[in-house]
Amino acid sequence: MPIPTCTVQAAPVASGIAVGRVMFLHGGVQPSKIISIAPGEVESELNRFHEALAETKKQLRELREKLRLKLQPNEAAIFDAHLMLVEDKTLTAEVERMISENLVNAESAVGQAMDKFADAFSAVDDVYFQERALDIRDVGGRITANLTSAEQLKMNYDEPRIVIASTLTPSETVGLNREKVLGFAVETGSATSHTAILARSLNLPAVVGLPRELLDNLTVADKLIVDGFSGKVIVNPDAGTEEAYRLKKREAEKIYDQLLGESELRPVTTDGFTVEIAANVEAHDNYAEIKQNGACGIGLFRTEFLFMDGSHLPDEDEQFEIYKKLMISAGNDTVTIRTLDIGGDKLNSGIIRSVEQNPFLGLRGIRLCLRERRDIFDTQLRALMRAGVYGNMQIMLPMISCMDEFFETKNIIAGLKSELAAKDVPFADNIPLGVMIETPAAAMIADKFAREADFFSIGTNDLIQYTIAADRTNERVAHLYRPGHPAVLRLIKYTVEEAVKQNIPVSVCGQTAEDLTMIPFLVGLGVNELSMSPGAMPLVKKLIRTLSMAECVELVSSAFECDNSVEVVEMSQKLIRKLVPELTMV
């Protein structure tokens, strides 16, 4: 019997509205019983384990490539982290030890080893590490499935439904049949979990924090409304409530379709200030399709995804062909390519030679390229200069914090030009070289950088976390990570002012570039370009066309009088509600 109508509050992690009946996720691989083996069986069990490991690597690589065709840039890299776990020598050695010393079969050894490491992560009083424990179990389940030839995910249902579960692993999430799933509500997880990131990319409304008692009492006969905007979950709604939410859902979809139809309109404020809209892309994105959303070029091409396969680093010719193809597809549009940005949360055992206690403050971006991997850096720069003859290329340097790094890179480029010229290899001689402003240090000496660089690109994701000293992946300090923080706005303001003095353009390529509440401030600060995921472009362009530069400048002035980011955001939200209330519905 359906349970009585009720409303519970969960945490929203992916926007949208889903209305439908419940479907329980009966997935995963059941824990294997411990089975003893004879000493003579050790070698065959080790072989079975290594074969399953190889098959798991193959599956993860195929899944990553498949997802890069339909996810926003960066999200498919979740499975790079899974690949790193599969390739982790400590995990592998532990499984091999259990097989050889404890004389248990491969399935038992994998289960015990994964539980050991996952339990260690779960015991850490930090949400980030607790969620990585879920990734470990996910990888362990995939290896075990390959040992037993079991299906990892079994979902039997005859109509689109809302998935509910205690947990959802990334593999289970991407395994969902998008045509049959309306959304999901999960007991555990957070907005920073890999599953939540994937849900947003797949446009599945989602909430986490579903009460356990509700999860235990729901049946397939129950109907839910999952509000991914507010986090509300309404159980067995009455007819009026259900119709109201269905209407809200239809209105949101209608508005988005209308905005998509206006994608060719120029993003110019009512008083004539133009803010170009560019795309954040990676190697497998189709620029022709992205351009249909209104992109004027590529504001951020993330080259690190070419290097995330732990078994292979692309050589100069491989990179050249990829960059060349990108330049030709973009035609006359500007393509801004970021040099290798490995480090921090993007790791590769084939590139990074030592484990760092705090990788976010270690050798990442330009630091890694200059100090430890000049071989990779030189190869990439040669490939870029060769491909630059096929279009309008710009090169930008990540994680810059001092002028020495910029000058050293310029000297390297000059030397590589001489090498290419001596070999009669065609190359672009005057590719603009820009700086990513993503550390407070870089922002504070923007006046010096502006005299040397050809353009600035503000990477707000890192600039915010380094300015406020709050890890953007850590939910425990998520309340501090705010793009509207007055300190962040002041750093952007100074950066833009110094760029204007030297007549060089400034773009913003972080998540803030598609945050509607931040757009009026970025316009008022004089940012020339916003680079974002394609899906956000119609909304941002619509908002820009309704704003005036004058009112945005006034808004920025008022923001600097505020004591906190909450006041800043409220001012912007009030302006947006007045000018374009329909944007609050999508």
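Modeller: Here is a walk from the strands out to the helices. This is a predicted model, so local features need pLDDT of at least 70 and side-chain atom pairs count only at pLDDT 80 or more, while totals for chains, interfaces and linings use all residues. Residues are numbered from 1 along each chain as its sequence is written, and side-chain values use heavy atoms, with hydrogens and water left out.

Okay, the barrel: 8 strands close up in the order β11-β12-β13-β14-β15-β16-β17-β18, with parallel pairing. Helices (H or I, at least four residues) and strands (E, at least two) are DSSP runs numbered from the N terminus, and two strands pair if DSSP finds at least two bridges between them. On average, neighbouring strands here are turned by 30° against each other, direction ignored. Zoom in on β15 (residues 433–437) and β16 (residues 455–458): they share 4 bridges in the parallel sense, and V435 has F456 in β16 as its bridge partner.

Now α20 (residues 537–546). This helix lies across β11 and β18, at about 160° to β11. Angles run from 0 to 180 degrees between N-to-C directions, with axes fitted to C-alpha atoms, for helices over the stretch in contact. Helix α20 also packs against α9 (residues 239–261) at about 75°, with axes 9 Å apart. The two are therefore roughly perpendicular, a label for 65 to 115 degrees. Where they touch, Y256, L259 and L260 of α9 meet P538, L539 and K542 of α20, contact being heavy atoms within 4.5 Å.

Note on methods
Parallel < 35°, antiparallel > 145°, perpendicular 65-115°, else oblique.
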